[in-house]
Amino acid sequence: MSMLNGVHHIAVKPTEEQYQKTVELYTGLLGMEVKMKWGDEARPCLMVSCGDNTCMEILSGESETPAGGPLAHIAFATDKVDEIIAKVREQGYEITKEPADLELGGKPIRIAFFMGPVNEEIELFWEK
């Protein structure tokens with residue numbers, strides 16, 4: 001079962017060497033369900049559910065990912081910010097911002113950030 005509630009369309013493009021670890025993070029640790037597979041053994045691709053009607057593509061790349069990662073960040077909606085951070089910490093991923101309660105536009109939120117396997121920054125966002 002996914003720990004996420006949704007996101008707009010996003011995609012990450014890990015290198016061939018990073019592909020499996022990327023798939024394991026999103027499908028295993030975060031519990032995202034594989035909706036579609038395409039490509040071949042050399043260039044596999046997946047479409048995974050983000051917990052609602054939105055999806056994320058995991059595309060197999062050919063060259064090195066830029067130092068800053070393939071995206072600025074991916075913001076996932078979830079009410080399980082602390083639970084997910086505990087799991088990613090156990091797996092050795094870098095937490096770049098510990099869970100924190102903030103106010104955004106007059107609304108209370110809880111957020112946290114961590115780095116994924118292809119140096120992508122992932123935000124966990126809970127609008128309380």
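**Stop 1: the E1-E4-E3-E2 sheet**

Start with an open sheet of 4 strands, ordered E1-E4-E3-E2, with mixed pairing. Select strand E1 (10–12) and strand E2 (34–39): these are the edge strands, and each pairs on one side only. On average, neighbouring strands of this sheet are turned by 20 degrees against each other, direction ignored. Keep in mind that you are looking at a predicted model.

E2 and E3 run antiparallel and are joined by 5 bridges.

Next, bring in H1. The helix lies across E1, E2, E3 and strand E4 (55–59). Against E4, H1 runs at about 160 degrees.

**Stop 2: Met-47**

Centre the view on Met-47, in strand E3. Is Met-47 buried or exposed? Its relative accessible area is 16%, and the cut-off for buried is under 20%, so Met-47 counts as buried.

Show the surroundings of Met-47. Leaving out residues up to four places away in sequence, Met-47 touches Glu-33, Val-34, Lys-35, Met-36, Trp-38, Cys-55, Met-56 and Glu-57. Then draw a C-alpha to C-alpha distance from Met-47 to Lys-37: 6.4 Å in space, with the two residues 10 apart in sequence.

**Stop 3: Ser-49**

Move along to Ser-49, in strand E3 (residues 44–49). Ser-49 counts as buried, at 8% relative accessibility. What lies 3.1 Å from a polar atom of the Ser-49 side chain? Select the backbone nitrogen of Gly-51 to see it.

Not counting residues up to four places away in sequence, Ser-49 touches Met-32, Glu-33, Lys-35, Thr-54 and Cys-55. Glu-33 also touches Met-47, as do Lys-35 and Cys-55.

**Stop 4: the aromatic pair**

Display the aromatic rings. How many aromatic pairs are there? The count comes to 1. Tyr-26 and Phe-76 make up the pair, with 6.5 Å from centre to centre and 55 degrees between the planes. The pair is tilted.

Trace each partner back to its element. Tyr-26 sits in helix H1 (residues 19–29) and Phe-76 in strand E5 (residues 74–77), so the pair ties together parts 50 residues apart in sequence. Colour by accessibility next. Tyr-26 is buried, at a relative accessible area of 0%. Phe-76 is buried too, with a value of 0%.

**Stop 5: the E5-E8-E7-E6 sheet**

Follow Phe-76 into E5. This strand belongs to an open sheet of 4 strands in the order E5-E8-E7-E6, again with mixed pairing. E5 and strand E6 (95–104) are the edge strands, and each pairs on one side only. Here, neighbouring strands are turned by 20 degrees against each other on average, direction ignored.

Select E5 together with strand E8 (residues 121–127). The two pair in the parallel sense over 4 bridges. Click Ala-77: opposite this residue stands Phe-125 in E8.

**Stop 6: zoom out**

Show the whole protein. There are 2 helices and 8 strands. Along the sequence, they follow the pattern β-α-β-β-β-β-α-β-β-β. The protein has 128 residues, of which 43% count as buried.

Among contacts with a separation of 6 or more, 57% come from residues 24 or more positions apart. Finish with the surface: the protein exposes about 7,000 Å². Carbon and sulfur atoms supply 50% of that area.

Terms used. Residues numbered from 1 in each chain as written. Predicted model: local features only at pLDDT ≥ 70, side-chain atom pairs only at ≥ 80, totals over all residues. Heavy atoms only, no water. Phe/Tyr/Trp six-rings, centres within 6.5 Å; stacked < 30°, edge-to-face > 60°. Buried < 20%, exposed > 50% of the residue type's maximum accessible area, 1.4 Å probe, protein only. Pairing = 2+ DSSP bridges. Axes fitted to C-alpha atoms, helices over the stretch in contact; angles between N-to-C directions. Polar contact = N/O pair within 3.5 Å; in protein donor to acceptor, adjacent residues only side chain to side chain. Contact = heavy atoms within 4.5 Å. Areas by Shrake-Rupley, 256 points an atom, 1.4 Å probe, with all protein chains shown as cover.
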